[in-house]
Amino acid sequence: MIVAANWKMNPELSVAAKLASDYCATSFAGVTRILFAPHPYLVPVGVRLEGSGILLGGQDCHPSASGAHTGDVSTGMLHDCGASVVLLGHSERRADHGETSELVAAKAVQAFSSSLSVMICVGETLAEREAGNARVTVLEQLAISVPSTLPTTALTIAYEPVWAIGTGKVATAVEIAEMHLGIRGWLDEAGFNQTKILYGGSVKPGNAAEIFAVPHVDGALVGGASLIAADFDGICAAAAD
Ligand code: PEP
């Protein structure tokens, strides 16, 4: 199981340092933890994680190795700061920055060339689900976002229904099962048979066990609840059970 924390543009540095240290106080058998920290905090947070086994990740990267891209961060820079993984195609980046699946694929190729593994997010909006297009939307995002050249062990998929992110609404076990089965089928067909599939969207300690019991759910990507160490630990404990 993988449980990944997405801190997004939170919290302030002193809180981030304490939170990272608190994560390290406990370990969970059979659970790989990943922390996607804000870029300026990668080094100070990474120092706190040393020796804990918790992997450090960036929340985005540029598709080029270097160059005139003011404000952007390269995959080499992430690697130099201690990251071993990068989160790509989060729905907030797709919405806030107009990121396309084509761009996500280019970033994934660049990330792998810097020895980073990638976690690619896919998920439908409420309008797409209500129109009966959830599955086709997600499969199309996969087909375009995932480069065929990526090794299966360097890729993780996070299925995050956009309407469930930060809203307190969680997809039902049936909705998660249907989508994860579809994603599993697509990945196996494309040769990504060791790629894990995480669910994301308002995962909390109180609903994690039910979500982890759904077939083809290999863990969770956690936003809000990852900002409270006890809640993140509760989700990790459910993954370890
Ligand atoms: C996320 O941002 O990836 C996420 C799943 O957020 P939350 O857990 O707050 O819904």
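Trainee: Leaving aside neighbours within four places in sequence, what is Trp 7 in contact with?
Mentor: Keep in mind that this is a predicted model. With those neighbours set aside, Trp 7 contacts Ala 16, Leu 19, Ala 20, Tyr 23, Leu 35, Phe 36, Ala 37, Pro 38, Val 45, Gln 59, Ser 226 and Leu 227.
Trainee: And which residues touch the most other members of the largest nonpolar core?
Mentor: Trp 7 again, together with Val 45 and Ile 183. That core has 63 residues.
Trainee: Which helix gives the most to it?
Mentor: Helix α10, spanning residues 229–240, which puts 6 residues into this core. Apart from this core there is another one of 11 residues, including Ile 2, Ala 4, Met 119 and Ala 158.
Trainee: OK, zooming out. How many helices and strands does the chain have?
Mentor: There are 10 helices and 8 strands. The radius of gyration is 17 Å, close to the 18 Å from the globule rule for 241 residues, so the chain is as compact as a globular protein of that length.
Trainee: How much of the chain counts as buried?
Mentor: 50% of the 241 residues. As for contacts between residues at least 6 apart in sequence, 71% link residues at least 24 apart.

Terms used
Residues are numbered from 1 along each chain as its sequence is written. This is a predicted model: local features need pLDDT of at least 70, side-chain atom pairs count only at pLDDT 80 or more; totals for chains, interfaces and linings use all residues. Side-chain values use heavy atoms; hydrogens and water are left out. Helices (H or I, at least four residues) and strands (E, at least two) are DSSP runs, numbered from the N terminus. The radius of gyration is taken over C-alpha atoms; the globule rule is 2.2 Å times the number of residues to the power 0.38. Buried means under 20% relative accessible area, exposed over 50%, partly exposed in between (1.4 Å probe, protein chains only). Contact means heavy atoms within 4.5 Å. A nonpolar core is a set of buried Ala, Val, Leu, Ile, Met, Phe, Trp, Tyr and Cys residues joined through side-chain atoms within 4.5 Å.
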